[in-house]
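This report describes the structure shown below for a reader who is new to the subject. It begins with one loop and then turns to sheets, cores and confidence.

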Amino acid sequence: MERAAVPSMIREQRLNQWIEDYSDSILRTCFLYLSDQTQAEDATQDTWIKAWKHMNDFERKGIANEKAWLLRIAINTCKDYRRTAWFRHVDRSKALDELPPQLIAVEPEDRTLTLMVMDLPDRYKQVILLHFFQGLTTQETADALNTSQSTVQRRLKKAEELLKGSLTGGVTYEG
Amino acid sequence: MREDLSRAKMHKAIDSTLSGLNGDPWLFQRVSARAAEGETKVKKKLSAGLVLAIIMILIAAVALAVTLLTHQEIVEQVAVPLAVDNDAGVGVNNTYNAEELAELVRSLNENGITLEENNRIMQALQNGQGYYEEETIMEICRQAFGGNYYTWTLEQQDWYEKLMVQIGFHESHQTRMPGEDNMKYEDAEAFAFRKIREAYGQDLPLEDRSVWQLSRQFYAENPDDPASAGWSFTLEPKDIDHGQYYVSFYDKDPEGSVSVGANIHDWSQPYTGEELMSHFNTVYSWSHGQWPQEAWQRLHEMLQSAEIDPTSRDAQALKAFRMTEYPAPGEKDISRETAIQKAKESLQDSRAALDGAVLTEYEGKRIWMVSFVINPSGEGIADDTAGFFAVSVDSETGTILDSRKQSLDDSTAFAYVPVDAYEKAWEGILRRSEIIQLAVVAIQNEYPDLDLMNEEKYEVRADGYKRWNVTFKAKDIRWGNVTTSVSMDGIVSDISADIEPLNGDNLWKRYGQAQGYFGQWEQSVWVRLEKDMSGLEPVQIGGRLLKATHYPEESSVKIRHEQAQELGMQATGKRTAKVNTCVLVDAKPHPVWIMRILTDEADEPVVGIDAETGDVVFTEQFKTDYTPQYVLYSMPETWRKMELEMLGAPYMAKVAITHKFGDMWLDEPELDVDNTDNWKLQQDGLVIRYIGRWKGMKSYEVELDQNGFVLRCEEMDSVSTEEKPKNTGESNEFVPAPTPTPLPDGKPWFWGMDFAPQEFWDQLDKLFFTHVMTMDDYPAMEKDWLEAFGESEFWPQEYQIVRYLYYATEEQLKQPDLQYPVFPDRDRKSQKEICEIALNAFHEIADVGMGKEWVDSTKVGSALLNDGINPDTGKKYGKHVWWINFNVWEEEFSSWIPKGYAILDEDGNVLIVRLELSGNG
């Protein structure tokens, strides 16, 4: 595998810039995927480590969309984290309670919607997070997930239906 | 009326809910410190000037400008420049602050444009808060163009998209006007309608805008690639009798790429109340206050034949809507406007913003139900006068019958049905307070002494979506938290109570429970902790070090924590350095600030700064989850001496070796020198040697002084000539470091590494790499495999290995982590045989409850892992294990969801098999 060396200063600057631009959104994506703050922080750190290590690939392949590339790494990292017995017992609603206090007032509907996203099966959660939350296009989402654009569109449609179906009547059990 | 799950909506929901989750430790500190002081929200204190500006906007008549700007001009000339200036296009998470929002609303007012009083933007402004930029701009545009983004003309969408690119919310200009080479809009719309009619019926009156609202979009996924341009049309029904239809196609190949779909409900077939409510929410929006009178009546009528599940979360609301009629106002009824006016007067609060008003009829009584939102004013302090209110107005006389504020016990029907029907509907359904009471009874059955409902002792939290999670959060460190889970029909399970009396060893945990993560504590917390520790006698090392350390007041030293942090960061010389944990401890000759410097490297130094001179007193290494936390709150001379006394020299030597020679990126640094299969321990007083047992392994020698400080830590080649046996089954097999240089034949550098036998590399070579010489082709292979087998857990093992190799970091490949996929031993069971054995075992436990057919319908996912953790004991198995998932296809999710799992060894021995119907998947 040929490696074109990226000068270390450029790598540092680039990584710094990425962390500055995407740190929060990658952490939140990992959290929504893993439902555990500590694990999400670890997965985020792993994502940066992998991005750092693979920066030569990034350069050599001329990847145009750095955000999609980073999110792809983050999602694959989270996928690997999930392959443990521990993750079967995570309670997503408790995970939200254990977060630091919100910086802004949260409407019950928003909280419910977030919980619903966390509760979606992975394939739908992935497209929702990448397309709706991270703002990737359907093509970028497809690239990040290694699937076709039409598959992404189908999953988005289904995910939207699932979310809307679950959000009947707003929030009853807010405590 | 339809409310889309737009990007902005999803963003706002996740962003606000997770706003406390971010990577800046000091932001977290500020938030948690303020939360500890009792504030319910955190926000900037308003300046006197801003308060005045807001008051002027809200109550004063504003002189209109001579030449009025339009909505679009205000967006272009005020809203966008404000958004660009305040963040230089950092991203989509941005908000206007209170000052900027006030300036924008002032501009609107000066040009004769007012936003509705109960609009969220105005509510934020009234409370002195900022608001999301994208939502604010969208609101102004909605007022100008009507409907939602997708119902706007293509020109309007194009204009809006350009603004979003300008602000930095969208990366490229994708929604756009068709060019000369593209289809004309009229032709595209006609093509779309033709396709819907071909699929769903020629007589559909799709042009009737009283039936359907038309959403449309012309977009280019890649603005530089004309072939990526496409059209999308959706017909959104305006009532529940009509279906939703959607079409999309590429501009260059409409016939070849067209995709048509529909959501059509057949209400002549049996349906549930939840399905019905879901459809009403889709058509009429989730904000029930906005529903028209006739929608309520239709819901009432259709609920008569709906099935209502008594354990569903909406059961009470659905019952209440089924009982209540929603007639059209008649001659004897006061008007909607009069009812709203009387209801608002009765509240006597100018902040009351209208939610909705609906005429109800129950047991012959006609009542207007009028609802209002009152947001807290002031600085985010809890305000009892704020909340969601429902006022009942007699529809004949206008008399106020009732006025209630929604409590945590109430349901969504609270404001839209009369009180009598509302209460009647609760029969047989548990309210939040009853759930809490059930939890209390069940917990006290096990722990009779817990005074759970004592408000001075516990704060009660009850939340949850499909189950209630009830937490009694301790308000005092003398007692711990108590948690449980309650099903919707009142079954209590999973009780967990921390009832241990306060002692020197759990004081630390209790402080964490009360104050949050210790890395963000202010010095005053450490001072309090020291006082609370007096009189306690800790046994464990962490508690003993707390007890042995004095934490002075910050005011007693010259250098305060902000300056100390600056000095600490300078000491590391890291540009990206940040500080976490900053605690002042007593030391000679002066107190010392101990802090952990967060860097983008694996070893995070712990630095000590003299609190009088600013000199660097010491630096230590820290690795999260590996280095003990007491390193951060006690002086090295204190903890080292205690470690030597309590944990011994071999332990300290091992830590020293790991810090110096181990790879700190790894969760569990690989130099596991106390693994006696690989290293032999020799101790000669304070000289410790770990001797490598096998050829090629390193040996280590560490010398400590009497206080536990490392005098010497050296690495040397092992004198052993004995080869390490292969396939010992050990989980921490040593792997020599490879070089990341491509192999001469161009194959990846890790190719042929001896963590797998050569025959398997050969096999892989034959399978994948005969024609494909690099891993660059992996993405294409992954795509094929996803299509052929589905998710990666269904892939053959060797494909999973390739996936791992592609995504793994160099470090992971040099020292593979615990659960990396490995090659099955050819002399043992094959993947297929293992899956069969696992399925048979699953049959034995699941057949009785679920039936053989159900078990046969499961799809088996499998992976052979280097090692695994026993879920019951939390310990490693210490050998290769097969992890098997039993997945069931769930139509609702169109997805395979795991309902059980098994763990087997390579000989097919079943270590664990389990049915887990409640698994999260």
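## A loop with a cis peptide bond

In this predicted model, Pro589(B) sits in the loop that links β15 (578-585) and β16 (592-598) of chain B. The peptide bond running from Lys588(B) to Pro589(B) is cis, and its omega is near 0 degrees.

## Chain B in outline

Chain B has 921 residues, of which 34% are buried. Its secondary structure comprises 28 helices and 26 strands. When contacts in chain B with a separation of 6 or more are considered, 57% of them are between residues 24 or more positions apart.

## A sheet of four strands

Four strands of chain B form an open sheet in the order β7-β8-β9-β10, and their pairing is antiparallel. The edges are taken by β7 (353-362) and β10 (400-405) of chain B; each has a single partner strand, so one side of each is left without a neighbour in the sheet. From one strand to the next, the twist averages 20 degrees. As a general point, strands of a sheet pair through backbone hydrogen bonds, in either a parallel or an antiparallel manner.

Within this sheet, strand β8 (residues 365-374) of chain B is joined to strand β9 (residues 387-394) of chain B by 8 bridges, and the two run antiparallel. Across this pair, Val373(B) stands opposite Phe388(B) of β9(B). The helix α14(B) packs on the sheet and touches β7, β8, β9 and β10 of chain B. The direction of α14(B) makes about 125 degrees with that of β9(B).

Helix α14 (residues 336-347) of chain B contains 12 residues. From its first C-alpha to its last it reaches 17 Å, which is close to the 16 Å expected at 1.5 Å a residue. In general, an α-helix has 3.6 residues a turn, so residues three or four places apart point the same way.

What follows α14(B)? The next residue is Gln348(B), whose phi is positive. Gln348(B) belongs to the loop between α14 and β7 of chain B, and its phi is about 50 degrees although it is not a glycine. With 7 other C-beta atoms within 10 Å, Gln348(B) is exposed, because a residue with 12 or fewer such atoms counts as exposed. Glu363(B), in the loop between β7 and β8 of chain B, also has a positive phi of about 50 degrees without being a glycine. Glu363(B) is exposed as well, with 11 other C-beta atoms within 10 Å.

## Strand β13 and its partners

Strand β12 (residues 468-474) of chain B pairs with β13(B) in the antiparallel sense over 5 bridges, and Trp468(B) has Val486(B) as its bridge partner.

Strand β14 (residues 492-497) of chain B is joined to β13(B) by 4 bridges, and these strands run antiparallel. Here Val486(B) has Val492(B) as its bridge partner. The strands β13(B) and β14(B) form a hairpin with 5 residues between them, and Gly490(B) in the turn has a positive phi of about 95 degrees.

In soluble globular proteins, nonpolar side chains tend to be buried together. The largest nonpolar core has 46 residues, and those that touch the most other members are Cys30(A), Leu34(A), Leu70(A), Ala74(A), Cys78(A), Val117(A) and Ile128(A). Among the elements that give two or more residues to this core are α1 (8-34) and α4 (66-81) of chain A, together with α1 (7-17) of chain B.

Beyond its neighbours within four places in sequence, Ala74(A) is in contact with Ile26(A), Thr29(A), Cys30(A), Ala43(A) and Thr47(A). A second, separate core has 41 residues, including Val358(B), Met369(B), Phe389(B) and Ala421(B).

## Confidence in the model

The average pLDDT of chain B is 79, and 78% of its residues score at least 70. Where in chain B is confidence lowest, and where is it highest? It is lowest in helix α2 (residues 25-36) of chain B, with a mean of 28, and highest in helix α15 (residues 419-425) of chain B, at 96.

Over residues 58-65 of chain B, pLDDT stays under 50, and the model has 7 contacts beyond four places in sequence for them. For the complex, the predictor gives an ipTM of 0.75 and a pTM of 0.49.

Technical notes:
Residues numbered from 1 in each chain as written. Chains lettered and ligands numbered in written order. Predicted model: local features only at pLDDT ≥ 70, side-chain atom pairs only at ≥ 80, totals over all residues. Expected span 1.5 Å × (residues − 1). Pairing = 2+ DSSP bridges. Buried ≥ 20, exposed ≤ 12 C-beta atoms within 10 Å, placed from the backbone. Contact = placed C-beta atoms within 7 Å. Core = buried A, V, L, I, M, F, W, Y, C linked by C-beta atoms within 7 Å. Axes fitted to C-alpha atoms, helices over the stretch in contact; angles between N-to-C directions. pLDDT = per-residue confidence, 0-100.
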